[in-house]
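Welcome! Try each task before you read on.

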Amino acid sequence: VSASFSALGTTVTLAVVDPGALDAANAVLRHELALIDRTCSRFRADSELTCVNRAAGRQIGVSALLYDALRTGLAAARATDGIVDPTVGRALEVAGYDATFSLVRARDGQRFAARFATVPGWRTVELDDARHTVRAPQGVVLDLGATGKALAADRAARAAALGIGGDIAVHGTPPAGGWALGIGDDHGKAPDPGSTVAILAGGLATSSATVRRWRSGSRELHHLIDPRTGRPADTPWRTVSVAASTCVDANTASAAAMILGVDAPAWLAERRLPTRLVGRDGAILCLAGWPADAA
Amino acid sequence: MQPPETPLVRRIAQRDTALRRLRRMTAMSLAGASALAVAFGGLAAKSFSGHSSNAPRELTNVVRVHRVRVAPAARATRVAARPPILVPASAPVPASPPAAPAPSAAPAPPVAPPVVTQAPPVAVSGGS
């Protein structure tokens, strides 16, 4: 049985094997997501992350949750040599993603002029694990959009399959045959025909440049910023799905693959990450044990 | 009238001259060592990022560098510990962290790869 609702600017789906456990799991999940939102949102004036972004170079103490989220974001940056970088916040803002996406989408793109900014780089952020403090230089805007939802899924999936947007974590005893998960460009629509796969544990995440898009004059932009250029990544992929040991790992790899572009298949194969890449022309490339779509 | 210069008097004069030379060399060595200590001390103080030998005392605490204990999904983050004070907004920003980066922790593959199924999906993984 499953339940769906809106949170963190996207759709959340919770599925459990035991129907009697759904209500309790749902309550725990909603509490966890509300906490994540209050802590890690770049768009809330009262969030802890906003306090860090406004600290103007000062060192400030943060909660264990935000510290964990920041540490996860920096670890993703390190694991991808800076391709998935939490310091892209300023570049996202000036490119146009400066409010919740429903507001960005509603804006008149013909009258909006995007700008681009250099990404300062994750190495400029300092964490103190003993004191749970963080310091980001003045002008650095941290964005946890890449890893935040995946971390929330990993934290909140207890004896359940939990999907937050395209990021899915499964935990506990799976149903017979595993958790069946559809794959598509948009998590809110029907999956691609024949794409449904089953996983027993870990995480599965999909990154796509087809959903969070907005206009700047005659140009279309998307939310996957390439830290090397400060601009939306020029990628040959429409959508990349990765299965990994955790949802954070899967999300990190799928986002990195989108940004790496033509270098993604070699990067993914080297890490033995089962992956399904869909090119702009719709051609599908499966790597490292990801099964071909059913006929 | 000067005393006659005997071999004994000559040796005493030579000894006194050697002792004066030794005292001068000792004093010069001490002065040189002090100057070098000051120079290297200043160099060491400047080698710690974000600190200055001219800064107030609370800004000159030694920076401790150590490894963070991280969850499996976020292994190998190494960060710099900072003193528990608010650093002024105008404080210089280090060009690079004082800690050397730890080896990369690559995303780990799943226990088993996905398999095709005909079961109806409980969720869809897609862009959001």
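## Exercise 1: Confidence in chain B

Chain B has an average pLDDT of 62, and 49% of its residues score at least 70; pLDDT is the predictor's confidence in each residue, from 0 to 100. This is a predicted model, in which local features need pLDDT of at least 70 and side-chain atom pairs count only at pLDDT 80 or more, while totals for chains, interfaces and linings use all residues; side-chain values use heavy atoms, with hydrogens and water left out. Residues are numbered from 1 along each chain as its sequence is written, and chains are lettered from A and ligands numbered from 1 in the order in which they are written.

**Task.** Find where confidence in chain B is lowest and where it is highest.

**Solution.** 
- Step 1: The lowest mean, 38, belongs to strand E2 (residues 78-80) of chain B. Strands are DSSP runs of E with at least two residues, helices are runs of H or I with at least four, and both are numbered from the N terminus.
- Step 2: The highest mean, 94, belongs to strand E3 (residues 115-116) of chain B.
- Step 3: Over residues 49-104 of chain B, pLDDT stays under 50, and the model has 115 contacts beyond four places in sequence for them. A contact means heavy atoms within 4.5 Å.
- Step 4: Where pLDDT is low, predicted coordinates should not be read in detail.
- Step 5: For the model, the scores are ipTM 0.81 and pTM 0.72.

## Exercise 2: The two chains

**Task.** Describe the make-up of chain B, then that of chain A.

**Solution.** 
- Step 1: Chain B contains one helix and four strands, in the order α-β-β-β-β from the N terminus.
- Step 2: Of the 128 residues in chain B, 22% are buried; buried means under 20% relative accessible area, exposed over 50%, and partly exposed in between (1.4 Å probe, protein chains only).
- Step 3: In chain B, 35% of the contacts between residues at least 6 apart in sequence join residues at least 24 apart.
- Step 4: Chain A contains eight helices and 17 strands. Its radius of gyration (taken over C-alpha atoms) is 18 Å, close to the 19 Å that the globule rule gives for 295 residues, so chain A is as compact as a globular protein of that length. That rule is 2.2 Å times the number of residues to the power 0.38.
- Step 5: The C-alpha atoms of chain A fill a box of roughly 50 × 45 × 40 Å along the principal axes.
- Step 6: In chain A, 62% of the 295 residues count as buried. Residues 24 or more positions apart supply 61% of the chain A contacts with a separation of 6 or more.

## Exercise 3: Rings in chain A

**Task.** Work out why the pair of Tyr97(A) and Trp214(A) is called tilted.

**Solution.** 
- Step 1: Over all chains, the structure holds four aromatic pairs. Rings of Phe, Tyr and Trp (its six-membered ring) pair if their centres lie within 6.5 Å; planes under 30 degrees apart are stacked, over 60 edge-to-face, and the rest tilted.
- Step 2: The ring centres of Tyr97(A) and Trp214(A) are 5.7 Å apart and their planes stand at 55°, so the pair is tilted.
- Step 3: Tyr97(A) lies in the loop between helix H4 (89-95) and helix H5 (101-106) of chain A and Trp214(A) in strand E11 (residues 213-216) of chain A, so the pair ties together parts 117 residues apart in sequence.

## Exercise 4: Buried places in chain A

**Task.** Is Ile168(A) buried or exposed, and what does helix H6 of chain A pack against?

**Solution.** 
- Step 1: Ile168(A) is in strand E7 (residues 167-171) of chain A and, with 1% relative accessibility, counts as buried.
- Step 2: Beyond its neighbours within four places in sequence, Ile168(A) has contacts that include Leu181(A), Cys247(A), Ala123(B), Val124(B) and Ser125(B).
- Step 3: In helix H6 (residues 148-156) of chain A, seven of the nine residues are buried, so the helix is largely enclosed by the rest of the structure.
- Step 4: The buried residues of H6(A) pack against elements of chain A including helix H1 (22-40), helix H3 (64-79), E7 and helix H7 (247-260).
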